[in-house]
There are 2 protein chains.
Amino acid sequence: MENFNYYIPTKILFGKGKIKSLGKEASKYGKNILMVYGKGSIFKENCYGTSLYQQAKESLEEAGLTIFELPDIDPNPRIESVYEGAKLCRDCKIDLVLAIGGGSTIDCAKAIAGQAKYEGDIWKCYESKDPRPLQEVLPIASILTVSATGSEMNGNSVISNLSCHKKIGLSTSKFRPVFSILDPSYTFTVNRKQTASGCVDIMSHIFEQYFTPDHGGYLQNRTMEGVLKTVIHYAPIALEHPDNYEARANLMWASTWALNDMFEKGKIPTDWATHQMEHELSAFYDITHGIGLGILTPYWMKYVLSEENRHRFVDYGREVWKLTGSEEEIAEGSIQKTREFFTSLGIPARLQEVGIGEENLEAMAKQATQQGPLGAMKELYEEDVLAILKMAL
Amino acid sequence: MENFNYYIPTKILFGKGKIKSLGKEASKYGKNILMVYGKGSIFKENCYGTSLYQQAKESLEEAGLTIFELPDIDPNPRIESVYEGAKLCRDCKIDLVLAIGGGSTIDCAKAIAGQAKYEGDIWKCYESKDPRPLQEVLPIASILTVSATGSEMNGNSVISNLSCHKKIGLSTSKFRPVFSILDPSYTFTVNRKQTASGCVDIMSHIFEQYFTPDHGGYLQNRTMEGVLKTVIHYAPIALEHPDNYEARANLMWASTWALNDMFEKGKIPTDWATHQMEHELSAFYDITHGIGLGILTPYWMKYVLSEENRHRFVDYGREVWKLTGSEEEIAEGSIQKTREFFTSLGIPARLQEVGIGEENLEAMAKQATQQGPLGAMKELYEEDVLAILKMAL
């Protein structure tokens, strides 16, 4: 096991009705709250017979807090929203940036909280993947409405700049929310497509940390298999019965743990090639992140599988899919099972199904590998990425 | 899944040579450090060619800190040591109580940190299991030398009062260490018996949270199975090769997670009957905690297994032991496997093997159930506890 420091001080308030604690928790950070949210789902009537917007507002107002708002955050959040939010923070002396939504909204809130306290252009930090210039960041909190990215308990933020076809992630412990409210009931209204892509995203986060060429990280791998089994068990139930609380609760808590540092600690290097390839798809075509991941993952698996790293696929096949047979059969079978499962969730298997043709494959392969080869299971150079994208076509 | 709040702000410094960060971390809390440790193992030469005592002292002194010492903490730490340590804290204006040792030493440091800031008698808090009178507690840190109790990242403390044959646990978030140094190399010198009982303790902590009669907690159960698999995989390796770093590292990180609130959150009620019964064995006979747990656990499993809760044993047998067959066979087989595994580690199977006869069984059963029945899988009254103790004789 590799050396590591582990420190995750985000407070999680999990369960039905936890919104009631919002005002009390938020008031620990100051008076002025910026509510950052998306394109309207928080105004819809929810299972509490009101809207999340209304519930949040009531709890904050009861605690005597002043609310400012930044609506209309995009699914792949834009740098323009970040600048707008940061200006609001400065003009209104914001004390806490409260994201209400899924990973995109939370990621955007993090960038806003960073830009608000930073004189320079935060996009340059994203471009250089260097958070060090961000010496101070406003406190961030979240109310989660989609189970997928884990942004509610980690320090990651992915921002898109469509003007230059770039979608880049930045990671710093300063971006970790001070608290997050996780009420699975808020995900009852997440539609089939978003639920399915969220589940793929959770599994992909695990894959990126599970599929490493080393033989270490036993504890991490065995517990990650537990998270995979959970998603495989509950994703179909959530699609079939969108208001099944137990399914939504397990998926939500699984999504948080799939990417909050826990599993990565002690395991180095992790992979992340699939995510980096998918970022190019989203940057060029603005497609749903989980859909892109679902298309690419099994092709990536096929491409990187080798005699040296087969042991990891064998573990995956045996423990998660209960496959038996020769090691070769189990490894191949585990990839097949992964594709079948994604298909059963309604995830396309080819880029063409989401409107992506040959036109930008080379440009995307080039951009994906601009800062060097991707991945750890197998180092992927420009030609490798292009080969995988062509397989996926 | 049940509602919960999750907040574990303990910072973990994990791996080889992490002791070098001790001084810097400790200095965040003040100048005066009380080092609390056991009966001499920290003075033995370790794999760094020096002693842990020397390493700790050097790092603290380099940071300009003043060291005070409380040696000779017992394996089942006594309330007398707590009073002595608390007096030292007051007399020397201690800023941080630093435990160096296993769970007993850390548990004792927690009680010292509590008593130091409390005018009343902290034993009364243990007796009433009510931490609320402890409004303030000195900061606690630890350097772990035995993988077992999880005390390094949780708020639990168990203290013994031999004058009244009582061993009682108290739990409060105020007892959670501010930081813990986990260097698996420090456990290379833990002997066979202590290594084996530590492994049983880790597994027992998982059992207490895994064996619940409910059908929920899927994610928690699947990830707990991962921890059990890890201990089953690495315990024999650590016994065979005491300086196998990977084995010691996995066992150490597993011990921390097995009891730091993570798995319990969302699962209510957890069981803890076996631990409460074992506390009576230790209180009456001062035996090693893990040995007592190892003897009792399979008898407890046999006693509580019923048609209603069989599903949990079936999960356990299938996922952890890869058993096949009818549900009855898998459930029975999983108990058999547990006993065989404990025996393979050198853990006795009967109370008589550790010098416990019939003489106090009734008194122990009575005391164990003094505050009501034990357990959740099956409510255990005085006569049930007595029946289990007799099975174990």
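Guide: Start with the residues that touch. In this predicted model, helix 6 of chain B brings B:Thr195, B:Cys199, B:Ile202, B:His205, B:Ile206 and B:Gln209 to the contact, and helix 8 of chain B meets them with B:Arg248, B:Leu251, B:Ala254, B:Ser255 and B:Ala258. Sort that contact by class and you get six nonpolar, four polar and one charged residues.

Now for the geometry. Two packed helices are described by the angle between their axes and the distance between the axes. Here, helix 6 covers residues 192-210 of chain B and helix 8 covers residues 245-258 of chain B; their axes come within 9 Å and cross at roughly 35°. As for the hand, the crossing of helix 6 of chain B past helix 8 of chain B is left-handed.

Staying in chain B, have a look at helix 12, residues 327-344, where you'll find B:Glu327. Its relative accessible area is 41%, so B:Glu327 counts as partly exposed, the class between 20% and 50%. Leaving aside residues up to four places away in sequence, B:Glu327 touches B:Arg310, B:Val314 and B:Arg318. B:Asp107 is another story: 220 residues separate B:Glu327 from B:Asp107 in sequence, and their C-alpha atoms are 40 Å apart in space.

Over in chain A, the unreviewed UniProt entry lists residues 195-392 as "domain: Fe-containing alcohol dehydrogenase-like C-terminal". That stretch of chain A is 66% helix and 0% strand, with 22 Å between its end C-alpha atoms.

Technical notes: Residues numbered from 1 in each chain as written. Chains lettered and ligands numbered in written order. Predicted model: local features only at pLDDT ≥ 70, side-chain atom pairs only at ≥ 80, totals over all residues. Heavy atoms only, no water. UniProt positions renumbered as here; feature names shortened; annotations may be inferred. Helix = DSSP H or I, 4+ residues; strand = E, 2+ residues; numbered from the N terminus. Axes fitted to C-alpha atoms, helices over the stretch in contact; angles between N-to-C directions. Left-handed = near helix turned anticlockwise from the far one by under 90°. Contact = heavy atoms within 4.5 Å. Nonpolar A, V, L, I, M, F, W, Y, C, P; charged D, E, K, R; others polar. Buried < 20%, exposed > 50% of the residue type's maximum accessible area, 1.4 Å probe, protein only.
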